Amino acid sequence: MKIAVLPGDGIGPEIIEQAVRVLNALGEPFEMETAPVGGAGYAAHGHPLPEATLKLAQQADAILFGAVGDWKYDTLERALRPEQAILGLRKALKLFANLRPAILYPELAGASTLKPEVVSGLDILIVRELTGDIYFGQPRGVRVCPDGPFKGEREGFDTMRYAESEIRRIAHVAFQAAQKRDKRLTSVDKANVLETFQFWKEIVTDVHKEYPDVALDHMYVDNAAMQLVRAPKKFDVMVTGNMFGDILSDAAAMLTGSIGMLPSASLDANNKGLYEPSHGSAPDIAGKGVANPLATILSAAMMLRYSLNRAEQANRIEAAVKQVLAQGLRTADIYEAGTTKVGTREMGDAVVQALH
Ligand code: IPM
Ligand code: MN
């Protein structure tokens, strides 16, 4: 089993280091190879997704990804910006299904900005389509506006579009995920305004015929955002497009106290996947040894479960994370009075020690 390890920028290298230590402590013969990506890719090879890095990712059985992005690169043209690395990997590897679980560990109920009774016991899964929508739709660009009241002015434009097969395949992923959970799926759209999402709703409704055991409902994205902070426990699985999923998953992450806790999986049709924390590269705290490595460690657990067929090892890691939380260890992002503040490496140490 070969794992491509792509640490990236900001806190990426620090958190990946801890996840790699945890993987090495499992006693499995994984082959891991590291390559630069994002700003680090640009610095080393002049491109955020260097050819050798893409090749490694294509050859590997799974990819463990840190985070990309740094202020240093904000002035580069779009094609060279660090974000293009993750967008390019998703597209090139056809990683269309993004699973973003938001689970509140009971020990962290007080770390959420919401009242404990609103979030305690929270366990939802956002299934975000990841290779279509306005993120990738063509045409796009900046041009001289050809018509309408702003004719002749410069305008920026992007295209929202979804092919039927794209909607069908993500719907199948979401229904199947719901079948393994509480059998409830909420499809999030903007069918009241957008043609693309009227069509989305129609196709998801059709796919539902194959999953009569799952209860499906539809919700507009603005209402979904409101319900996520009002009564998030009402949701089980949510499925939505790339753009709405990006926004809703950040909101869902914060329900759990810290985005530093949330892993994610991005899968292709054969369960090959890229695994990354839901948070970003946090350049403001990079190199300080204070970042929370748990989202990355939990992403490694998802990798073992979905791509490497080692559910037992995934369970071991998840149990170890629960144990260190129960021991009261906290990185700064989840620290509360009465707990013990630790740094990135100490948190990694504790997880390794807690492995049974
Ligand atoms: C995410 C990130 C990315 C996205 C950025 C870095 C391109 O916000 O994974 O949610 O918008 O998809
Ligand atoms: Mn995002």
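Colleague: How many helices and strands does the secondary structure of the protein chain come to?

Modeller: The protein chain has twelve helices and 14 strands; these are DSSP runs numbered from the N terminus, helices being H or I of at least four residues and strands E of at least two. This is a predicted model, in which local features need pLDDT of at least 70 and side-chain atom pairs count only at pLDDT 80 or more, while totals for chains, interfaces and linings use all residues. Residues are numbered from 1 along each chain as its sequence is written, and chains are lettered from A and ligands numbered from 1 in the order in which they are written.

Colleague: What radius of gyration does the protein chain have, and what would a compact globule have?

Modeller: The radius is taken over C-alpha atoms, and the globule rule is 2.2 Å times the number of residues to the power 0.38. With 356 residues, a compact globule would have a value near 21 Å, and the 20 Å of the protein chain agrees with this.

Colleague: How many residues of β12 are buried?

Modeller: A residue is buried if 20 or more other C-beta atoms lie within 10 Å of its own, exposed if 12 or fewer, and partly exposed in between, with C-beta atoms placed from the backbone. In strand β12 (residues 273–277), five of its five residues are buried.

Colleague: Which way do the residues of β12 point?

Modeller: In a regular strand the side chains alternate between the two faces of the sheet. Here Gly-273, Tyr-275 and Pro-277 point one way, and Leu-274 and Glu-276 the other way.

Colleague: In which sense, parallel or antiparallel, do β3 and β12 pair?

Modeller: Two strands pair if DSSP finds at least two bridges between them. Strand β3 (residues 62–67) pairs with β12 in the parallel sense over three bridges, and Ile-63 has Leu-274 as its bridge partner in β12. Strand β11 (residues 263–267) pairs with β12 in the antiparallel sense over five bridges; there, Ser-266 has Leu-274 as its partner. On β3, the bridge partner of Ala-4 is Ile-63, as strand β1 (residues 2–8) and β3 pair in the parallel sense over five bridges.

Colleague: Which residues surround ligand 1?

Modeller: A residue is near a molecule if its C-beta atom, placed from the backbone, lies within 6 Å of it. Glu-83, Ile-86, Leu-87 and Asp-246 surround ligand 1, and helix α4 (residues 83–92) supplies three residues, the largest share of that shell.
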